[in-house]
Number of protein chains: 2
Amino acid sequence: MSMTDTAVRRRQGSARRRVLDAAGTLFYAEGIHAVGVDRVIAEAAVAKATFYHHFPSKDDLVGAYLQEQSDQVRGVTLPTGDTPEEQILSVFDAIGEYTCGPGFRGCAFVNAAAEYPDPRHPVRRVIAAHREWFHGVLRDLLTAAGRPDAVRTAAMLVVLRDGLVVRGDLDHPADSETRALVREAVTRVLA
Amino acid sequence: MSMTDTAVRRRQGSARRRVLDAAGTLFYAEGIHAVGVDRVIAEAAVAKATFYHHFPSKDDLVGAYLQEQSDQVRGVTLPTGDTPEEQILSVFDAIGEYTCGPGFRGCAFVNAAAEYPDPRHPVRRVIAAHREWFHGVLRDLLTAAGRPDAVRTAAMLVVLRDGLVVRGDLDHPADSETRALVREAVTRVLA
DNA sequence: CCGATGGTAGACAGATCTGTCTGGTATTGT
DNA sequence: ACAATACCAGACAGATCTGTCTACCATCGG
């Protein structure tokens, strides 16, 4: 006799995993307040009690969702290139490509912040931590490049990144134009 | 005998006006989905029937809210300075100041877009129109400055603007640092 | 074999959301 | 003077939201 459906699902991934996957897709694509817990539960094929066992409240799920986004971005952001300048360029090339890809809907953190105004809210803290991490990455690369104004230049590059992400969501830019714009913008900022 | 309260309110502004004011404050400060029609009605001191007379649905109010934001920004964005370059700088100086002011909560359009994913939604169209207007302003100034790459440079400046606005909301930057950063960034982009 | 663990299904409560409707009042143009 | 217009107060319907609770099932370590 074959395994039950439940057993199969257990092997393929825990309920918590499925909930996080569903939340990632739905929250990012449609917004957080627009997606109810019931929708997440249905998409994840999970019982309500199980959901509230793993995430005591919806806000906990939102926090976990953003933390996972942060972890993922940190894992993917691996500068390539010989010099620090090339490495910075590689990071922004990836951003340019990403923001023109299908299904791009802006920055998960910026979008979430729009729905969580209170800077002291846990969700906002995850966002702030992620932004500090990214600023640190750029600052370290700039320092390695021997720049005395690494902090300010890093801030400028973060501004560039945020602007590119908004543009990718709202202006439907072409891939090729974006590639050129990114390289020119980074070059000018680093000039 | 003195005028009734109703008469006073009539003189001070129509119900529609009060609704738009309340919506502007609440939507911007707390987000759109987070603010119910009942809250807007209470804040505006307006009857529900009156509200739905002026705005057949909440989405209509959201559209009017953003349209008003757009009109206001267009009215305020008056470049000052002798040369086109100075005028561009003046526009960005104002942005830098604005994004460090009290109560700043990011760009009303970017924030609204986070809650309205569908690009064909009327709300998104208002946003797109506003962005095209701003890009046009910059493009015209750059053209007047005799630049051949006005369109692309304008796109880069829009990116800069969006990034500055995100920064103002999420990074709580100091006024002075922002002033310096803005001038340096604009200078480098126009270099 | 059996208890602990983690999962399923779904009813339920209470709040809140959008939108409608009734009925009354005040102002205004003619 | 009077009809039209705009507004007010608030009940109501129906949907949806978060979160709780009961009751049952399957797997696994000891």
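Tutor: A salt bridge is a side-chain nitrogen of Lys or Arg within 4 Å of a carboxyl oxygen of Asp or Glu. Before we apply that, note that this is a predicted model, in which local features need pLDDT of at least 70 and side-chain atom pairs count only at pLDDT 80 or more, whereas totals for chains, interfaces and linings use all residues. Residues are numbered from 1 along each chain as its sequence is written, chains are lettered from A and ligands numbered from 1 in the order in which they are written, and side-chain values use heavy atoms, with hydrogens and water left out.

Student: What makes the pairing of Glu68(A) with Arg17(A) a salt bridge?

Tutor: The closest N and O atoms of Glu68(A) and Arg17(A) are 2.9 Å apart; the limit is 4 Å, and therefore the pair qualifies. Between domain 1 and domain 2 of chain A the count is one salt bridge, and six residue pairs are in polar contact there, both residues being at pLDDT 80 or more. A polar contact is a pair of N or O atoms within 3.5 Å; within protein, one must be able to donate a hydrogen and the other to accept it, and residues adjacent in sequence count only if both atoms are side-chain atoms.

Student: What is the secondary structure of chain A?

Tutor: Chain A comes to 10 helices and zero strands, and its C-alpha atoms fill a box of roughly 65 × 40 × 30 Å along the principal axes. Of the 191 residues of chain A, 49% count as buried.

Student: Why is His121(B) called buried?

Tutor: Buried means under 20% relative accessible area, exposed means over 50%, and partly exposed lies in between (1.4 Å probe, protein chains only). His121(B) has 18% relative accessibility, and therefore it counts as buried. This residue sits in the loop between H7 and H8 of chain B, where, not counting residues up to four places away in sequence, His121(B) touches Asp59(B) and Tyr116(B).

Student: Why is Asp93(B), by contrast, called partly exposed?

Tutor: Its relative accessible area is 24%, and because that value falls between 20% and 50%, Asp93(B) is partly exposed. Asp93(B) lies in helix H6 of chain B, residues 84-100, and, leaving aside neighbours within four places in sequence, Asp93(B) is in contact with Val182(B) and Arg183(B).

Student: How do you know that Thr178(B) makes a polar contact with Arg167(B)?

Tutor: The side chains of Thr178(B) and Arg167(B) come to 2.7 Å in that contact, and this is within the 3.5 Å limit. Thr178(B), which is in helix H10 of chain B, counts as buried because its relative accessibility is 1%.

Student: How much area do chain B and chain A bury between them?

Tutor: They bury about 3,200 Å², 62% of it on carbon and sulfur atoms, the buried area being the accessible area (1.4 Å probe) that two parts lose on being put together, summed over both. Val159(B), Leu170(B) and Arg188(B) supply 20% of the area that chain B buries against chain A, more than any other three residues. The contact takes 40 residues from each of chain B and chain A.

Student: What makes Arg124(A) and Asp169(B) a salt bridge?

Tutor: Their closest N and O atoms are 3.6 Å apart, and therefore within the 4 Å limit. H9(B) gives the most to the side of chain B that touches chain A, with 13 residues, and the residues of that side divide into 21 nonpolar, six polar and 13 charged.

Methods
Contact means heavy atoms within 4.5 Å. Helices (H or I, at least four residues) and strands (E, at least two) are DSSP runs, numbered from the N terminus. Ala, Val, Leu, Ile, Met, Phe, Trp, Tyr, Cys and Pro count as nonpolar, Asp, Glu, Lys and Arg as charged, and the others, Gly among them, as polar.
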